Amino acid sequence: MKGLYTQVRSYEGSVQLLMVNQFTINLGFYMLMPYLAAHLSGTLGLAGWIVGLVLGVRNFSQQGMFLVGGTLADRLGYKPLIVAGCVLRTVGFATLGLVDSLPALLAASAATGLAGALFNPAVRAYLAADAGERRVEAFALFNVFYQAGILFGPLVGMVLTGVDFRVTCLVAAGIFALLSVVQIRALPARRKDAGQERGGDRASVLAQWRGILANRPFLLFSAAMIGSYVLTFQVYLSLPLEVRRLGGDGEFGTAAVAVLFAVSGLSTILGQTRVTAWCKARYEPGEALVRGLALMGLAFVPLLLAAAVPVPGTGVGLWLLAAVPPTLAALLLAIGTMIAYPFEMDTIVRLSGDRLVATHYGLYNTICGIGITLGNLLTGAALDAARAAGTPALPWISLTVLGLACAAALYGLHSTGRLKAPAPEPQPATV
């Protein structure tokens, strides 16, 4: 941890603050969101479809508005959008804890999602700009803080929700209110995107969007990376379901699922910077991305092998079969993400030509968000089909093929030079 602290201190103050901000953002978010569905269905007694609607509105408002949030960040500056997002999430979280009417809940959920769409692209673009040539290492550290927030948030939320879910909401809102004040006072005002200073402000938003949509390498890269997000999301979807399918919903199943999340988060916190340094010394960015995606696909091989083992009726054998393969899969997914993530974030900046970076991040998040939704629907269908047909290997075969196919697509982009930065636009000569 001392080495991690030294690395963080080697960056300027704005980068350090952005990393701490991201930990705090995830801490506040994940201390509340895992328990929201239980509050809506249990405490408020809402029907299942209404709970799904409230949660769906949050996801839709975030994924659907990423492009708008990124565009506003490039036009207005990064700091105003980061602050606006934190203020909006303060209001949204406080409202979720204080209201019980459906219209108010929907409005609060939409505000919470929109907040993420405002600050997420701005934070990443700001970090990329101020980290300069050390972008890859900065995004590796950023992922450590990101995962730490995901790891500790639910633990804090569990304690607070044990008192009252409204307490959780108000504490989360207070965290975002404090974060807003800190950023207003301490975060330097980042200048606008350099490309806009060269005349981008005179271009309409639609013209800028058309220009990004014409960036074929960027779109191909975004499509190829969808698989990585579908695969990593399985830590929250198919892996817990597999644990509970074999281990049951009792104390063992709950503990085994908690181990999944702990392995995923702790491995990133402890190993991200070492993995990034090792990969950067040996591979080009495209090669690291290919290896990361391939490992993500191969992460489901332990589950595929376990599907061929007869399921014991009871005892230690059943517990091991229920816990070990999913935990190993979660660990391999985490390592694959550690390999790919810093180079992924850096590649987006390079493919943007260092222009309208936040807008590129926004569109990238939207594309991957749509892909996650479709991928989870297909994964759920594969799980249902596997149970109905008695073929438990089906979802793991599908996910392995997805990972290897995306790795092959990235290899094609890398080998043809499409992951390199575009040639700079010629500047008009001055007399």
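Which side chains meet in a salt bridge with an N to O distance of 2.9 Å? In this predicted model, the side chains concerned are those of Glu242 and Arg245. Both residues belong to helix 12, where a spacing of 3 residues places them about one turn of the helix apart. The two partners are described by separate accessibility values: Glu242 is buried at 12% relative accessibility, whereas Arg245, at 40%, is partly exposed.

The structure holds 5 salt bridges in total. Another of these joins Asp384 and Arg387, with 3.4 Å between the closest N and O atoms. This pair lies in helix 17 (residues 357–389), and its members are 3 residues apart, about one turn of the helix. Arg387 is partly exposed, its relative accessibility being 46%.

A salt bridge also connects Asp346 with Arg135, whose closest N and O atoms are 2.7 Å apart. Because Asp346 lies in helix 16 (residues 316–351) and Arg135 in helix 7, this contact ties together parts of the structure that are 211 residues apart in sequence. Asp346 is buried, with a relative accessible area of 6%. Arg135 is likewise buried, with a value of 16%; both residues count as buried because their values fall under 20%. Together with Arg350, Asp346 and Arg135 are linked in a network of salt bridges.

Aromatic contacts were examined next. The structure holds 12 aromatic pairs. In one of them, Phe142 and Tyr146, the ring centres are 6.4 Å apart and the planes stand at 40°, so the pair is tilted. Phe142 and Tyr146 are separated by about one helical turn, because they are 4 residues apart in helix 7 (residues 135–163). Phe142 is buried, with a relative accessible area of 0%, while Tyr146 is partly exposed, with a relative accessible area of 22%.

Tyr236 and Phe261 form a further aromatic pair, with 5.6 Å from centre to centre and 25° between the planes. This pair is stacked, because an angle under 30 degrees between the planes counts as stacked. Tyr236 is located in the loop between helix 11 (216–232) and helix 12 (238–247), and Phe261 in helix 13 (residues 251–282), so the contact ties together parts that are 25 residues apart in sequence. Tyr236 is partly exposed at 41% relative accessibility, and Phe261 is also partly exposed, with a relative accessible area of 33%. Elsewhere, Phe29, Tyr30, Phe93 and Phe176 form one aromatic cluster.

Aromatic rings also take part in contacts with charged groups. The charged end of Arg134 sits over the ring of Tyr11, at 3.8 Å from the ring centre.

Helix 12 holds both Glu242 and Arg245, and the loop between helix 11 and helix 12 carries Tyr236, whose partner Phe261 lies in helix 13.

Technical notes: Residues are numbered from 1 along each chain as its sequence is written. This is a predicted model: local features need pLDDT of at least 70, side-chain atom pairs count only at pLDDT 80 or more; totals for chains, interfaces and linings use all residues. Side-chain values use heavy atoms; hydrogens and water are left out. Rings of Phe, Tyr and Trp (its six-membered ring) pair if their centres lie within 6.5 Å; planes under 30 degrees apart count as stacked, over 60 as edge-to-face and the rest as tilted. Helices (H or I, at least four residues) and strands (E, at least two) are DSSP runs, numbered from the N terminus. Buried means under 20% relative accessible area, exposed over 50%, partly exposed in between (1.4 Å probe, protein chains only). A charge sits over a ring if NZ of Lys or CZ of Arg is within 6 Å of the ring centre and within 35 degrees of the ring normal. A salt bridge is a side-chain nitrogen of Lys or Arg within 4 Å of a carboxyl oxygen of Asp or Glu.
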